[in-house]
Each structure stands twice: as structure tokens, then as C-alpha cells.
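I opened this model to look up its folds, its sheets and a few single residues. My entries follow in the order I made them.

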Amino acid sequence: NSCEKDVLARALQSAEAGFWPRSWCTVDACSAEELWCEARATGQALIVKPTTGTHGKGISLVRTRDDLETAIEKLGAAERPQEAIVQEYVERPLLLGGHKWDARLYALLLRVPDSSELHCLMAEEGLVRVCVDRYEQPEPRNLHRATMHLSNYSISRLSEKYVHCEDPDDGGQGCKRALSAVLRHLQQHEGLGPEELWRSLHALVRGTLDAMALSVEAALEALAKDCSNAETKGCFHLVGLDVLLDEAGKPWLLEVNANPSLSLEEVRPLETNLSVADTHRLFAEVSSMKGFSRWGRPCRCAKLARPHAHYRCPVDSAVKLPVVEGALTIIRRAAEGGAGGVAAWAEGTIFKPV
């Protein structure tokens with residue numbers, strides 16, 4: 001619950017977090033009209049998100065009161081009705097080759113036996129997601145273009161414009177890139193120092209986790225009532241924080257994901273010059289094979305509408321494997337009661353205490 005958008009919004013606004021866009025929760029608002037009057041004071045476009053939505057589903061950009069009311073009503077009338085969070089949209093993001101992007105950061109929350117302290121560590125690497133269409137500031141003619149405004153892989157991978165990156169050290173191309181490579185690219189082309197950016201990202205992660213602390217503690221207390229005390233003495237959680245840099249290089253928190261994807265796969269369409277008959281023949285041949293590797297095998301699953309194959313993504317592997325390996329190392333050292341505290345537990349991993 002700590003990561004749900006409305007809960008997070010209240011916590012961050014109570015903490016007066018300067019990295020959180022102004023936000024309003026429809027469950028707290030008297031009416032869409034009153035929300036509109038307050039939200040439109042700065043003249044920025046607004047982004048409407050379902051409070052528990054994932055993969056970019058149900059998100060709308062609006063510039064009028066009627067559009068805001070329609071977006072809120074649409075979420076409330078869905079098969080699984082949801083409240084909405086309305087935020088000021090960051091209209092002037094820092095671009096990569098003319099495209100909007102954001103970064104998924106990883107943070108580890110850890111509580112060890114015989115201690116009430118909640119330790120926080122941040123991975124010194126992240127996953128950059130780049131929109132497939134060139135960015136334009138939000139106007140009525142482009143508000144519907146999700147591939148311009150939203151960088152979610154679940155949306156981008158459906159586009160024929162999706163660009164796969166083969167080299168995790170290349171920060172200049174691909175719809176998925178390693179954050180460290182992108183920061184080097186920005187230093188070379190925009191003059192932004194990576195050290196300063198990492199400091200600002202550390203501060204954002206620390207401020208976010210501090211704001212979440214009360215709701216996390218409440219969740220742990222509720223868990224303790226349902227479990228024996230021994231089961232709640234030590235626990236951990238890996239969260240994903242989605243961050244956007246504006247054109248001045250200031251980071252803005254977009255959301256926190258309680259279950260960040262750790263998948264290493266990507267889907268790639270099969271050759272487009274295959275005829276229908278050739279495609280059917282190919283799938284017939286594959287279905288008769290035994291021991292065929294999953295990677296590269298022709299597939300017709302729902303991940304992509306057209307015939308495709310699954311591959312291990314070089315960028316996902318370079319980013320997520322050290323995150324998982326580092327988190328497990330820290331958890332093991334903490335569980336074993338390793339000396340030196342959290343800094344010693346993180347030694348040799350991609351994580352650092354924040």
C-alpha cells in the first residue's frame with residue numbers, strides 16, 4: 001500500500017518533497033471542477049493516472065476541464081473502478097535525441113533481527129526507458145500519443161519503431177539503455193556532470209523512503225499481528241522508483257513500484273518478408289522440435305500481436321542481474337549478523353546506503 005499512487009502522494013506532499021509534482025487524489029477532492037480550478041493555476045497540462053494501475057494502462061493527458069472529468073469518469077466506470085491521481089505534467093523534460101525518457105532506480109529496504117531501524121540502500125545503476133516517438137510539448141493534437149509521452153516498455157514494444165540496444169555501454173541509442181551509459185552520454189553532449197546527478201538522485205531516493213517510512217512501519221506492525229514475532233524480525237523489500245529529469249537536470253519522482261520487473265527478456269518481431277504460408281510452415285516445424293531453446297524460438301503469445309521471438313535483453317541483463325545479486329548478498333550478510341553494519345553488507349555490490 002505504501003507504493004500506491006494516492007498513498008505515496010499524500011506522504012510526499014505532507015513531507016513537502018520538492019521533487020514530487022503537485023498532485024491531487026480524486027478520493028480527497030470535493031469535485032472534478034474544484035480540482036480543475038486548483039490544478040490549472042500554473043497553466044500546465046495534467047496527467048491522470050489510476051491509483052493502482054500498471055504498465056501505463058488507464059493514463060490520460062488533459063488540458064481542459066471537460067477532458068479531466070471524462071478521464072476521471074472513465075476510470076470510475078471501468079470493470080474494476082478506480083480512483084485517480086491527477087498530477088502536473090512535466091512539460092519540458094530533458095531529451096535524448098529529441099525523445100522523452102525516464103529511469104527506473106532500485107532501492108532496497110531492509111530490517112534486520114534485533115533492530116527496529118529500517119535501512120535503505122540504492123543501486124548505483126538503473127534502467128532508462130526511451131519513448132519511441134519524438135517528443136512534442138502536450139497539445140490537444142498529441143495528447144493521445146502514448147508512445148510520445150509514456151516510456152513504459154509494455155507500450156513501446158508494440159511499436160514498429162522500437163529500437164533494440166545490443167551494447168549496454170552505448171548511451172546514445174536504443175529504447176532501453178543503462179543509466180550509467182546515459183549519464184556519460186549526457187556529460188559528453190549536454191555538459192551535465194554525472195556526480196552531481198547521482199547526488200540529486202540519492203537525495204530523491206532518501207527523501208522518498210523517509211516519506212514512506214510511516215506507512216511502511218504501519219504495514220510491518222500489521223504483519224506482526226498476523227505472524228509470530230520471529231517472522232517479522234528480519235525482512236526486506238526491493239522497490240523501483242521511476243524518475244524523470246527536466247531540461248534543467250532536476251529529477252522528478254513519477255511513481256514508486258512495489259514489484260519492479262526483474263525480467264531479462266525482450267520480444268523481437270520475426271522477419272517481415274515471410275509470407276503467411278512460410279510463417280505457418282515455420283511454426284509447424286518448430287512445434288515438432290524437442291529441446292528447442294526458448295530464446296529465439298518463434299512465438300505467437302500475447303506479448304506482441306505479430307509473430308515474434310523472445311531473447312535475453314543485453315541491457316536488462318547488465319542492469320538487473322547486479323541488482324538482484326547485490327540485494328541477495330546484502331540480505332545474506334545481514335541475516336548472518338555480519339559486522340560493520342549496512343556499509344559493510346553492501347561492500348562489493350552495486351548498492352550504497354542512502
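These notes go from the whole chain to its sheets and then to single residues.

**Ground rules**

I am working with a predicted model, where local features need pLDDT of at least 70 and side-chain atom pairs count only at pLDDT 80 or more, while totals for chains, interfaces and linings use all residues. Residues are numbered from 1 along each chain as its sequence is written, and side-chain values use heavy atoms, with hydrogens and water left out.

**Whole chain**

I began with the secondary structure and found ten helices and 14 strands in the chain. Helices (H or I, at least four residues) and strands (E, at least two) are DSSP runs, numbered from the N terminus. The radius of gyration is 22 Å, close to the 20 Å of the globule rule for 354 residues, so the chain is as compact as a globular protein of that length. That radius is taken over C-alpha atoms, and the rule is 2.2 Å times the number of residues to the power 0.38. Along the principal axes, the C-alpha atoms fill a box of roughly 65 × 55 × 50 Å.

I then looked up burial. Of the 354 residues, 47% are buried. Buried means under 20% relative accessible area, exposed over 50%, and partly exposed in between (1.4 Å probe, protein chains only). The chain exposes about 17,600 Å², and carbon and sulfur atoms supply 51% of that area. Accessible areas come from the Shrake-Rupley method with a 1.4 Å probe; for residues, only the protein chains shown count as cover.

For contacts (heavy atoms within 4.5 Å), I took pairs at least 6 apart in sequence. Of these, 66% join residues at least 24 apart.

In what order do the four strands of the open sheet run? I read 1-4-2-3, with antiparallel pairing. Strand 1 (23–25) and strand 3 (60–62) are the edges, each pairing on one side only. From one strand to the next, the twist averages 25 degrees. Two strands count as paired if DSSP finds at least two bridges between them.

I went through the pairs. Strand 1 and strand 4 share three bridges in the antiparallel sense, and Cys25 stands opposite Ile85 in strand 4. Strand 2 and strand 4 are antiparallel and joined by five bridges; Pro50 has Ala84 of strand 4 as its bridge partner. Strand 2 (residues 46–50) is also joined to strand 3 by three bridges, again antiparallel. There, Ile47 is partnered by Leu61 of strand 3.

Helix 1 touches strand 1, strand 2 and strand 4 (84–88), and its direction makes about 130 degrees with that of strand 1. Helix 2 (residues 32–39) also touches strand 1, strand 2 and strand 4, at about 170 degrees to the direction of strand 1. Axes are lines fitted to C-alpha atoms, for helices over the stretch in contact, and angles run from 0 to 180 degrees between N-to-C directions.

Why is strand 4 called largely enclosed by the rest of the structure? Five of its five residues are buried, so the label holds. Both faces are covered: Ala84, Val86 and Glu88 are buried on one side, Ile85 and Gln87 on the other.

In helix 1 (residues 5–14), I listed Lys5, Asp6, Leu8, Ala9 and Leu12 as buried. Down the helix axis, these buried residues fall within an arc of 160 degrees, so they line one face. The arc is that of the directions from the helix axis to the C-beta atoms.

Glu16 has a positive phi of about 55 degrees although it is not a glycine. Most residues other than glycine have a negative phi. Glu16 is exposed, at a relative accessible area of 70%.

I found an open antiparallel sheet of three strands in the order 11-13-12. Its edges are strand 11 (265–269) and strand 12 (298–299). Five bridges join strand 11 to strand 13 (residues 308–312), and Val267 has His310 of strand 13 as its bridge partner.

**Ala346**

Is Ala346 buried or exposed? Ala346 counts as buried, at 4% relative accessibility. Ala346 lies in helix 10 (residues 341–346). Leaving out residues up to four places away in sequence, Ala346 touches Leu121, Ile330, Arg333 and Phe351. Ala346 and Leu121 are 225 residues apart in sequence, yet 8.3 Å apart in space, C-alpha to C-alpha.
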